[in-house]
Amino acid sequence: MTTTPINSPSAASSSPKKLVFPKASFSIRYGDRIYAAITFLASLSIFGIIVWLAVQLSSASSESIHKFGWGYITKSTWDETTDVYGILPYIFGTLYSSFLALLIAVPISIGSAVFLSELAPKWLRTPMTFLIELLAAIPSVVYGLWGIFVMLPWLKDHVMHPIANSRIPHIPILGGLFSGEAIGPSMMAAGIILAIMVIPFITAVTRDILKAIPKAQREGSYGLGATQWETISRVVIPFAKSGIVGAVMLGLGRALGETMAVTMLIGNQPPSTPNGISFSLFQPGYTMSSALANKFNEAGPGLNTSALVEIGLVLFFVTIVVNMAARLLVFYTAKDVAGGK
C-alpha cells in the first residue's frame, strides 16, 4: 500500500481550489457607476415627464375643475356663449369609436398573425409582413384623406343607404344601431378608419408573439396526433393569450388617442339626442381628441380655454386607467396560462 505525500501535486489537485477573481480596476468600477447612474436618470425622466404633464394640465384646467367639479364629465352641454361645459358626449364618443375599432380589428389582426406565423409560405410571408408594417408608418392625415375621398362615398352608397332603405332600422333593438339619416360622416366611418389604423399594430405584435412560442409546444401537439388547426387553436393561441391581450390593449391605446383621421370622418357634432349620446352607427359624434382639434384655435381666454385643457386632462387619465387595466389583464392572463393561482 502506497501513501501520497500531502504536498504532492496529486494531493494539491484533490483539495478544494480557492477561487481567485481578477481585481477590478478603479476605472472599470467608476465606468459601471456612471452607466448605472445614466440609465437610472433615463428611467426616472419618464416618470418625471408623466408627473410634469399631469401637474401642468391640472394647473391649466384648475378654473374649470373648481367651477364644474364632477358635473364636467357627467353633463352634456358645451356652450361657449354661456360658459357652461360638459363633456359626456365626447367621453362616450371616444370609448364607443375605440370599441367599434377593436370589434373590427381584433379578429382580422389575429387571423392575419396566425396566417403569417403558421400557414403562409415563405415567398408570401416576407412581402405581407413588410406591407403590414408599412401601414403602421402611414401618417394619420393620409388615412383621413383616403377616408373622405374613397371610403366615405363607397360606404354611403354600398353600406349605409342599402341598410337605411331596408327593414333593418325597423327591427327592435338592432334597428337602433342604424337609426337616423345616412349622410356619410358618422360613428361607423370613424370606427372603420380606426380599425384600419390599429390592425397593423395588433397584427405585428401578435405575429412576433406567436413566432416566439417554442417549437416543442407544436411538436408535442403533433406527436399526440393533433391536426394543424387543433394545434393552432388549442396550443399556440392559448399559450400566447397574454401577449395577444397586450397587443389588443396596445391597439386600444392607439385608437383612444387618434385625432386627425377621426376628426375628418366622425362628423364633429354630438348626436341629436337629449343627452348627446346615441349608439346609432349612422349618427355623427365627437371624441375628446377631435373636440380639442376643432375648438382650441377659436377658444377664448379664461374659462373656455381652461375647460378645453381639462378635456386633455380627462383623456390623459382615461389613457392611464386603460393602460393599468391592460397591465392587470395581461398579468392575470399570463398567470392563468402558467397555471398559477
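**Pockets and a loop residue**

Guide: In this predicted model, the lining of the second largest pocket comprises, by class, three nonpolar, two polar and four charged residues.

Visitor: Which element gives the most to the lining of the second largest pocket?

Guide: The second largest pocket, with a volume of about 170 Å³, is lined by Ser117, Glu118, Leu210, Lys211, Ile213, Lys215, Arg218, Tyr222 and Gln228. Two or more of the lining residues come from each of α5 (88-119), α8 (187-211) and α9 (215-223). The element that gives the most, with three residues, is α9.

Visitor: How many nonpolar residues does the lining of the largest pocket have, by class?

Guide: The largest pocket holds about 240 Å³ of space, and its lining includes Ile65, Trp70, Ile91, Leu313 and Phe317. Among the elements, α14 gives the most to this lining, with five residues. By class, the lining has one polar and one charged residue, while the nonpolar residues number nine.

Visitor: Is Ser272 buried or exposed?

Guide: Ser272 is found in the loop that runs between α12 (260-265) and α13 (288-295), and its C-alpha is 8.8 Å in space from that of Pro284, a residue twelve positions away in sequence. The relative accessible area of Ser272 is 67%, and the cut-off for the exposed class is over 50%. Because 67% is over that cut-off, Ser272 is classed as exposed.

Conventions: Residues numbered from 1 in each chain as written. Predicted model: local features only at pLDDT ≥ 70, side-chain atom pairs only at ≥ 80, totals over all residues. Heavy atoms only, no water. Helix = DSSP H or I, 4+ residues; strand = E, 2+ residues; numbered from the N terminus. Buried < 20%, exposed > 50% of the residue type's maximum accessible area, 1.4 Å probe, protein only. 1 Å grid on protein atoms, 1.4 Å probe; cavity = no way out; pocket = protein on both sides within 12 Å on 5 of 7 lines; lining within 4 Å. Points joined across faces, edges and corners; volume = space filled by probe spheres on them. Nonpolar A, V, L, I, M, F, W, Y, C, P; charged D, E, K, R; others polar.
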